[in-house]
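Have a look at the structure first, and then we will walk through some of its helix packing together.

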Amino acid sequence: MIKKAKIPDATIGRLSLYSRYLIEAYEKGVTTVSSKSIADATGVTPAQVRKDLAYFGEFGTRGVGYNSKELYMHIMKILGLDKRWPVAIIGAGNLGRALSQYKGFHERGFDISCIFDNDPKKIGKKLSNINIYHLDVLEEKVKEFKIELGIIAVPAQAAQEVADKLVKAGIRGIMNFAPINITVPDNIVLRRVDLSAQLEYLTYYLEEI
């Protein structure tokens, strides 16, 4: 078995792109695709496509290509998306609301099961038909809904405390939208999404044009 730590993060990101192309191709009636067609649709080279897939085994037939549905199913299993994942959002503000309304989560196998906040005015209400609970019952609800993934959508000053609560509750993977670095134990998978940093990346390169 290949150790997941050995797989470049960029490869995982490209697998996600490949899977989206493959399901679109299959739904359009395209049953066989080549590394070139995948590459053309996702902005990489055919060699990169073959290299990315080679980390996980041998797929397709030389000179023929890949069965679009079979390769899609293989990639979804690699990404852990052959099952559904209950997710908790911490923060019922504007960002939490936007995330709860994002249909792409459900389409890719992620179900927002509950939302947490510490504002008494929000507790007991709903966002996108999802119940808002007090953060004090986080551990209880994580067990009830069998949640393994948490999304932090709170102000920076509260992010570390929230992360600590998620870890204590048994969450194994955290996506942090707060504009601050947080620390978690080594056995917790952490990803940071810094929206302003992404815009700064754009402006840096625009200034070079």
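In this predicted model, Ser35, Lys36, Ile38 and Ala39 of helix H2 meet Pro46, Val49 and Arg50 of helix H3, where contact means heavy atoms within 4.5 Å. The residues of this contact divide into four nonpolar, one polar and two charged. Here Ala, Val, Leu, Ile, Met, Phe, Trp, Tyr, Cys and Pro count as nonpolar, Asp, Glu, Lys and Arg as charged, and the others, Gly among them, as polar.

**Reading the model**
- Residues are numbered from 1 along each chain as its sequence is written, and side-chain values use heavy atoms, with hydrogens and water left out.
- Because this is a predicted model, local features need pLDDT of at least 70 and side-chain atom pairs count only at pLDDT 80 or more, while totals for chains, interfaces and linings use all residues.
- Helices (H or I, at least four residues) and strands (E, at least two) are DSSP runs, numbered from the N terminus.

**The protein as a whole**
- The secondary structure comes to nine helices and nine strands.
- The C-alpha trace spans about 60 × 45 × 35 Å along its principal axes.
- Of the 209 residues, 36% count as buried, that is, under 20% relative accessible area, with exposed meaning over 50% and partly exposed in between (1.4 Å probe, protein chains only).
- Among contacts between residues at least 6 apart in sequence, 56% join residues at least 24 apart.

- H2 and H3 pack at an angle of about 105°, with their axes 8 Å apart; axes are lines fitted to C-alpha atoms, for helices over the stretch in contact, and angles run from 0 to 180 degrees between N-to-C directions.
- H2 and H3 are therefore roughly perpendicular to each other (angles under 35 degrees count as roughly parallel, over 145 as roughly antiparallel, 65 to 115 as roughly perpendicular and the rest as oblique).
- The axes of H1 (residues 9-27) and H2 (residues 35-42) come within 10 Å and cross at roughly 110°, which makes H1 roughly perpendicular to H2.
- On the H1 side, Leu17, Tyr18, Tyr21 and Leu22 meet Ser37, Ile38, Ala41 and Thr42 of H2, a contact with six nonpolar, two polar and no charged residues.

**The two sides of H2**
- Ser35, Ile38, Ala39 and Thr42 are the buried residues of H2.
- Gly43 follows H2 and has a positive phi, near 80°.

**Helix H4 and its ends**
- Ser68, Leu71, Tyr72, Ile75 and Met76 are buried in H4 (residues 68-78), and they fall within an arc of 135° seen down the axis, so they line one face of the helix.
- Glu70 and Lys77 are exposed on the other side of H4.
- Just after H4, Gly80 takes a positive phi of about 80°.

**Arg14 in H1**
- Arg14 lies in helix H1 and, at 18% relative accessibility, counts as buried.
- Leaving aside neighbours within four places in sequence, Arg14 is in contact with Val44, Gln48 and Asp52.

Terms used. Arc of directions from axis to C-beta.
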